[in-house]
Amino acid sequence: MMMDKNIADLRKDYTLQDLHESEIDPNPFIQFKAWFAQALAAQLPEPNAMTIASATPDGKPSARMVLLKDFDERGFVFFTNYNSHKGQELAANPQAALVFWWAELERQVRISGRVEQVSAADSDQYFYSRPANSRLGAWVSNQSEAIANREELERRLQEFQHQYANQEIPRPPHWGGLRVIPTEIEFWQGRSSRLHDRLLYRRLDDGSWKIERLSP
Ligand SMILES: Cc1cc2nc3c(=O)[nH]c(=O)nc-3n(C[C@H](O)[C@H](O)[C@H](O)COP(=O)(O)O)c2cc1C
């Protein structure tokens, strides 16, 4: 077997907290807001970092990290290049799954649902709040496309620096926000002996949320 014995021996018992039906909010967005506030208060390094999984229409999955930039009762928003690998996949098959792992709190949140583009006005609002270098980066990078070498990227940066030297850097039309509109949100709290707490909110047709405890 290729697995190093030391890897196989790595394990941690989770004992920090529990998650009980009596203490959660019936609205999963309010529950998420509470957990996110606790992740912020705990000063985790990047509490808004999340994995997003997408898939081709015939079901070939891919996943990567992105940063949550906004959330409300409409859903969970991140920003990216619409022409990127994920952008194309989510255009062809607008279904995604998100995962947060807040290790220091022994908590996982899983979200899944349909994906839509946020409005151009919302994308503008966030884009123009970014530092100039990040705005330029959105022009420089043909995200997910092969490039010959690092120098090519640096050369493109110089070109765009020159082009926008004396003007505001506009938002590229291929760059903006995507919103995951959840139909399922699961809150996972690590517990001892792998008997974790899992509470799953499922959105019903009438818009209400049904909460179930899942076996760990
Ligand atoms: C912590 C972290 C945060 C990231 N945030 C973003 C993000 O918000 N948007 C984005 O497009 N890429 C982000 N990336 C880069 C992506 O993980 C990925 O490399 C890139 O989006 C290309 O993915 P794709 O080829 O599957 O489209 C982030 C990476 C890390 C490690």
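Because Arg155 and Glu159 sit four residues apart in helix H6 (residues 150-163), about one helical turn separates them. In this predicted model, their side chains meet in a salt bridge, with N and O 3.0 Å apart. Both ends of that pair are partly exposed: Arg155 has a relative accessibility of 44%, and Glu159 comes in at 41%.

Other pairs reach across the sequence. Lys12 forms a salt bridge with Glu106, and their closest N and O atoms are 2.8 Å apart. Lys12 belongs to the loop between helix H1 (5-8) and helix H2 (28-41), while Glu106 belongs to the loop between strand S5 (95-102) and strand S6 (107-117), so this contact ties together parts 94 residues apart in sequence. Here Lys12 is partly exposed at 46% relative accessible area, whereas Glu106 is buried at 3%. Arg179 and Glu116 make another salt bridge, at 2.7 Å from N to O. Arg179 is buried at 5% relative accessibility, and Glu116 is partly exposed at 29%.

Then there is the largest pocket, which holds about 300 Å³ of space. It is lined by 15 residues, of which Phe79, Thr80, Arg130, Gln143 and Trp175 are the closest to its centre. Strand S2 (61-67), strand S4 (75-81) and helix H5 (132-140) each give two or more residues to the lining. By class, the lining has six nonpolar, six polar and three charged residues. Domain 1 (15-128 + 174-213) and domain 2 (133-170) each supply at least three of the lining residues.

How values were computed
Residues are numbered from 1 along each chain as its sequence is written. This is a predicted model: local features need pLDDT of at least 70, side-chain atom pairs count only at pLDDT 80 or more; totals for chains, interfaces and linings use all residues. Side-chain values use heavy atoms; hydrogens and water are left out. On a 1 Å grid over the protein atoms alone, a cavity is a set of points where a 1.4 Å probe fits but cannot get out, and a pocket is an open set with protein on both sides within 12 Å along at least five of seven lines; lining residues have an atom within 4 Å of a point. Grid points are joined across faces, edges and corners, and a volume is the space filled by probe spheres set on the points. Ala, Val, Leu, Ile, Met, Phe, Trp, Tyr, Cys and Pro count as nonpolar, Asp, Glu, Lys and Arg as charged, and the others, Gly among them, as polar. Domain bounds come from an automatic or database domain assignment. A salt bridge is a side-chain nitrogen of Lys or Arg within 4 Å of a carboxyl oxygen of Asp or Glu. Buried means under 20% relative accessible area, exposed over 50%, partly exposed in between (1.4 Å probe, protein chains only).
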